[in-house]
Amino acid sequence: MGDVIPFDRSEGDDRIGGHAAANDFFAPGGFLAAINAVHITGAHLARAIETIRHLVVKSPSDIAEHGRLLERFAREHGLGDHGGAALHARAIALDRWAHEFDPFGESDISGFYAAGGSAPLVETEIGLGFEPASFAEQVQKWTKIFA
């Protein structure tokens, strides 16, 4: 066997060095860190959203079905253990941002999806989302790249 790497558990809980493990959904900040760590491209996000677009959310079971479809998509595309959850969170965050800050769909769609795949998710008053101003800057940056 190899050497055992000691972890500082001085906080007296299950945190490592006082910080939540990035892959521990149940540790404080763990879920957000885990889904932000998943590498998702704009193309992944656009295709994933296409897989759920046909299912209008009218009930919690529709949300669960979105989750199942996105989990399958994530597995098929090698997005790792938390890929489905990351796609679902990003799809919801994109929808929220678009409704509030781009209700007429004026953003370049390629830039919008690229920003949605790369911008960090943050906690907001209504759940996970994107920081509005920095997300808008990301959309503009990606739009220029694709132009």
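Residues are numbered from 1 along each chain as its sequence is written. The model is predicted, so local features need pLDDT of at least 70 and side-chain atom pairs count only at pLDDT 80 or more, whereas totals for chains, interfaces and linings use all residues; side-chain values use heavy atoms, with hydrogens and water left out.

The chain holds six helices and two strands. Both are DSSP runs numbered from the N terminus: helices are H or I with at least four residues, strands are E with at least two. From the N terminus on, the order of elements is α-α-α-α-α-β-β-α. The chain has 147 residues, of which 34% are buried. Buried means under 20% relative accessible area, exposed means over 50%, and partly exposed lies in between (1.4 Å probe, protein chains only). Contacts, defined as heavy atoms within 4.5 Å, were also sorted by sequence separation. Among those between residues at least 6 apart in sequence, 54% join residues at least 24 apart.

Helix H3 takes part in two helix pairs described here. Axes are lines fitted to C-alpha atoms, for helices over the stretch in contact, and angles run from 0 to 180 degrees between N-to-C directions. The axes of H2 (residues 42-52) and H3 (residues 60-76) come within 9 Å and cross at roughly 140°. The two helices are therefore oblique to each other. Angles under 35 degrees count as roughly parallel, over 145 as roughly antiparallel, 65 to 115 as roughly perpendicular, and the rest as oblique. The H2 side of the contact consists of His-44, Arg-47, Ala-48, Thr-51 and Ile-52. His-66, Leu-69, Leu-70 and Phe-73 form the H3 side.

H3 also packs against H4, at an angle of about 125° and with the axes 7 Å apart. This pair is oblique too. From H3, the contact draws on Ile-63, His-66, Gly-67, Leu-70, Glu-71, Phe-73 and Ala-74. From H4, the partners are Gly-83, Gly-84, Ala-85, Leu-87 and His-88. Gly-67 lies in H3 and is partly exposed, at 22% relative accessibility. Its C-alpha is 6.8 Å from that of Gly-84, across 17 residues of sequence.

Side chains of opposite charge can pair when their charged atoms come close. The structure holds two salt bridges. A salt bridge is a side-chain nitrogen of Lys or Arg within 4 Å of a carboxyl oxygen of Asp or Glu. One joins Arg-53 and Glu-50, at 2.8 Å from N to O. Arg-53 is partly exposed, at 47% relative accessible area. Glu-50 is partly exposed as well, at 49%. The other joins Arg-68 and Glu-65, with the closest N and O atoms 3.0 Å apart. Both residues lie in H3, three residues apart, about one turn of the helix. Arg-68 is partly exposed at 49%, and Glu-65 is partly exposed at 28%.

Arg-90 sits in helix H4 (residues 83-101). Arg-90 is buried yet has no salt bridge. The nearest side chain of opposite charge, Glu-131, is 13 Å away. For charge, Lys and Arg count as positive and Asp and Glu as negative, while His and the chain ends are not counted.
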